[in-house]
Amino acid sequence: MSSIQRVLTAAIYCTLSLALPLGVSASARAQETTPQATQPVQQAAPLRQVLVEGNQRVEADTVLSYLLLQPGVPADPQSINLSIQTLFATGLFSDVRIENRGEVVVVYVQENPIINRVLLEGNRATDDDTITEEIQAQPRAIFTRARVQADVQRIIEVYRRTGRFAAQVTPRIVELPQNRVDLIFEISEGPVTGVRRVNFIGNDSFSDRELRGELVTVESHWWRFFSTNDNYDPDRLEYDRELIRQFYQNRGYADFRVVSAVAELTPDQEDFYITFTLDEGDVYNFGEITVDSELPDVDPEVLESFLPIQTGQLFQGEQIENAVDTLNFAVGASGYAFVNIIPNISRNRDERTVDVTFEIEEGPRVYIERIDVVGNTRTLDYVIRREMELVEGDAFNRSLIDRSQARVRRLGFFEEVEITETQGSTPDRARLRVAVTEQATGELAFGAGFSSTDSFLVDLSISERNLRGRGQFLRFRIAASSRREQIDVRFTEPRFLDRNLAAGIDLFSVRSDFITEASFETQSTGFSLRAGFPTTRSTNLGLQYTLRNDDVVVFAGANQALRNQAGSRITSVLNYSLRWDRVDNPQAPSRGFRAELTQSFAGIGGDVRFVSTEVTAAVYRPLFWNVVGSLSVNSGFIMGWGGDNIRINDRFFRGGNSFRGFEVAGVGPRVVVRDAASGRLLGGDALGGRVYAIGTAEMSFPLPLPEQYGIRGSLFTDFGTVGLLDDNDIIAEVAGQSFTTDDLSLRVSAGLSIFWDSPFGPVRFDLAEALVNESYDRTEFFRFSTRTGF
């Protein structure tokens, strides 16, 4: 008997011994008050021996060590009952009986079997290791029915996490000699339980399609067999509730709440219907914004001037978080690293305003003692740690912890990310635990489609977003159409030299056929080195160097302006791009703006010298109901230096999707011939231009069709010009011969676009009429395009 068991047994025995005289004394007093209480109370005889029978593997001394019965001490019902309970609690025995024979007590035990093997049958979708890591049953462990039932529930939970809610598990036991058993779990996996439909109730301001675009969960379709987000997951559903709340609160709905999120299993147990019931409330603006500080030497009015919130602005929940971050930085710069900033929000429902008071008080001095990363079976620790805005030794900061959790989640490598804090070794120390759940990051995509320009096209790519668990991106792509063939390899290191700097390399070979537009084709082969880093939260700077060999092949019968472009040249070009993005939704923006400036400089070696500048900008505003208005501008200019002219493959060609109502390369300088009868100019080969400027005014709206069809439309007008050839590329008009025209005249088109999120991928129809154009321009009224992946 171990010392701990002896102490425990002695303590229980002393307790029972003290209780026994009290009971006897009370009984004796009761007998004194009755005439019949004349017989003396008989005491139980002390035990002379305690025997153990039925044990096979467990030693008799081990059984005796758990008993409250000892030789020399009388056996009573209480000690016998407690001894039975204690033996059952060990988990070693399936049956226990104690027989009191006066001076001898016999303990009969029946031992639980030992597990010889744990076998899994029927698990095809989930491998053995994934299941055995979750269950408690292991070879050479003690078998108990309670543990088996618990393991059954654990296996079912494993399948539920993979979307198989119809999974059933039946345990089976095969008895073996020497009290051993084989434990077999017979598994019926059932079908993958997908999401048949996501519905919303109470959404008056935003369509179901817009809200579905904010969710991680997507509806199940046959082409999404590589995705796991179309499987029902209760944890993901809770995350989706938070995403919807953030979506509404960032658009002024301060009272918004998700009343309920219900998942109902279809009768065939193959899919779920998910229904979100929403209470939108009213749209609020920010009211009075104040700062209340208890810190000495800190002027609240100065802090208010740093706030990114102004009275009268549309209420946005994320702006409050940004304001807290700004105040933390400002107060920290004043020497206060340990502060608590509490935003107190007060709603004025009559005026529909939200008053915010930021209360600043000095908090306890707590430092980060340790950061533990768990659950990353594939991704290396440092990939996660470099996204943390805190390291060991930093001051504890709740806002930085929340931002770190968001940064790790944005990597896209994990299904779940949770950061929790616990007490450290001392009261002024804290430990952070970063728990992640890995998800698949590789992708094999095959795309096919048809467009009125490229005819049939195919696109095959293999990509890995978390190469070797280092967070690196690698993609190999092959694309082919009737006009273009492309092979490229792209590699990106998101944290080059362990800094917030993305760097990468591209290898490419592209053949482009312009025989329809300009009787030539180009072959470009080379590589690019690139780097990019954020300059602020909404701006990004990119740098790129490209070295390529451009070979221009001109077909027989081409005019002199094109024949001058034939030949092979080496192009060495360095460019940078500055992007500013403040839209609310990158895929379907309804508010905000985005702008980008790109400049390229060729001539650092190579045979080509030019300077190119391109600017794009767009602004989006909600108009009424679900209608969104937008205005965008795209322009560019390229010029040679050192006596070089701009080759045709470096010029700007516009039309098609970039200028609706005109064919690809349908506008701009062109080789023409004058019709002798009418005097009109008849168009030939397109030459491209050194300058372009195109503007678009567009109004997008949902069509009056069931929302589940995913059809929406837009009215648009495109206007702009393309032109400006070099002098050497201009051919003067000679009677009866072809010549070049380059007048930079204004072109205008208008029309209707229809967008359909079809089961085969996004489909787009453009119906456009060229309102202002030249006789030699190539116009088109209808354009159709689609792509899909499977």
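This section describes the aromatic ring pairs, and the charged side chains placed over rings, in a predicted model.

A search of the whole structure identified 14 aromatic pairs. In one of these, the ring centres of Phe652 and Tyr692 are separated by 4.9 Å and the ring planes meet at 65°, so the arrangement is classed as edge-to-face, the cut-off for this class being over 60 degrees. The two residues belong to distant parts of the chain, 40 residues apart. Phe652 is located in the loop between β26 (627–640) and β27 (670–674), whereas Tyr692 lies in strand β29 (residues 691–702). Phe652 has a relative accessibility of 7% and therefore counts as buried; Tyr692, with a value of 4%, is likewise assigned as buried, the limit being under 20%.

The ring of Tyr692, already described as a partner of Phe652, has the charged end of Arg654 over it, at 4.1 Å from the ring centre. Arg660 is positioned over the face of Phe716, with a distance of 3.7 Å to the centre of that ring.

How values were computed:
Residues are numbered from 1 along each chain as its sequence is written. This is a predicted model: local features need pLDDT of at least 70, side-chain atom pairs count only at pLDDT 80 or more; totals for chains, interfaces and linings use all residues. Side-chain values use heavy atoms; hydrogens and water are left out. Rings of Phe, Tyr and Trp (its six-membered ring) pair if their centres lie within 6.5 Å; planes under 30 degrees apart count as stacked, over 60 as edge-to-face and the rest as tilted. Helices (H or I, at least four residues) and strands (E, at least two) are DSSP runs, numbered from the N terminus. Buried means under 20% relative accessible area, exposed over 50%, partly exposed in between (1.4 Å probe, protein chains only). A charge sits over a ring if NZ of Lys or CZ of Arg is within 6 Å of the ring centre and within 35 degrees of the ring normal.
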